[in-house]
Amino acid sequence: DSDYAQALGYIHDIGRKISHPNHTSAGYQYMINEGYSEEARSCLTHSFIDNNIYYTAGGIPEGKDRFDYMNSFLQSTELTIYDNIVQMSDLFCLETGFTTVENRLLDISKRKGIYPNSYDHVNKAMELKERIESMLGCNLYDIFPEIKKEDLENIQRHNEELFKLVKNPTKQLIKILS
């Protein structure tokens, strides 16, 4: 249902208005309180590729209680195509508008830093893109005319820079290795 997928895309980041750093759990709780329990799941699942707590940007959730709560939720929540659609769509957006997945992941890595799970997250995100393209039978970039020409022309460069960062992070970019 494309309308339902679109609605989930609109609300997945609703928690940013409450607590940007904890927007996933804040959005989930807000939607639950409003009586939208099924839709609330996208607030939590959108940041975790394939609903796996280790396939996320910015490092895994900190604090044992938060980690345990989110991990338990993700493990007990059956992955749906809607989860994957929202996860993928979230990787097409910058504050300035639509972009390529490579550029978005590069931006996240530069802003949030490189974590022990960053390489796996990037690989899983690219794998998800390939799976969705296979299901659709086309390149995702062909159906997003809003992506800037410059971003499309720099896919290879962004991809190379991204993998250089996550494979061989510099000390300045590593946020939590100690």
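**Close-up 1. The lining of the largest cavity.** Ala57, Gly58, Leu105, Ile108, Ser109, Gly113, Ser118, His121 and Val122 line the largest cavity. Here a cavity is a set of points on a 1 Å grid over the protein atoms alone where a 1.4 Å probe fits but cannot get out, and lining residues have an atom within 4 Å of a point. H6 and H7 are the elements that give two or more residues to this lining. The space inside comes to about 60 Å³, with grid points joined across faces, edges and corners and the volume taken as the space filled by probe spheres set on the points. Counting cavities of 30 Å³ or more gives 1. Keep in mind that this is a predicted model, where local features need pLDDT of at least 70 and side-chain atom pairs count only at pLDDT 80 or more, while totals for chains, interfaces and linings use all residues. Residues are numbered from 1 along each chain as its sequence is written, and side-chain values use heavy atoms, with hydrogens and water left out.

Close-up 2. Helices (H or I, at least four residues) and strands (E, at least two) are DSSP runs, numbered from the N terminus. Just past the end of H7, Gly137 takes a positive phi of about 75 degrees.

**Close-up 3. Phe92 and its ring partners.** Ring pairs join Phe92, Phe98, Tyr141 and Phe144 into a cluster. The structure holds 7 aromatic pairs, and rings of Phe, Tyr and Trp (its six-membered ring) pair if their centres lie within 6.5 Å, with planes under 30 degrees apart called stacked, over 60 edge-to-face and the rest tilted. Phe92 and Tyr141 sit edge-to-face, 5.8 Å centre to centre with 75 degrees between the planes. Phe92 is in the loop between helix H5 (81-90) and strand E1 (93-94) and Tyr141 in the loop between helix H7 (118-136) and helix H8 (149-153), so this pair ties together parts 49 residues apart in sequence. Phe92 and Phe144 are stacked because their ring centres lie 4.5 Å apart and their planes meet at 20 degrees. That pair also links distant parts of the chain, 52 residues apart. Phe92 is buried at a relative accessible area of 1%, and Phe144 counts as buried at 18%. Lys129 lies over the face of Tyr141, 4.4 Å from the ring centre; the rule asks for NZ of Lys or CZ of Arg within 6 Å of the centre and within 35 degrees of the ring normal.

**Close-up 4. Thr99 in its loop.** Thr99 lies between strand E2 (97-98) and H6 and counts as buried at 0% relative accessibility. Leaving out residues up to four places away in sequence, Thr99 touches Phe92, Cys93, Leu94, Arg104, Ile147 and Asp151. The C-alpha atoms of Thr99 and Ile155 are separated by 9.9 Å, although these residues are 56 apart along the chain.

Methods:
Buried < 20%, exposed > 50% of the residue type's maximum accessible area, 1.4 Å probe, protein only. 1 Å grid on protein atoms, 1.4 Å probe; cavity = no way out; pocket = protein on both sides within 12 Å on 5 of 7 lines; lining within 4 Å. Contact = heavy atoms within 4.5 Å.
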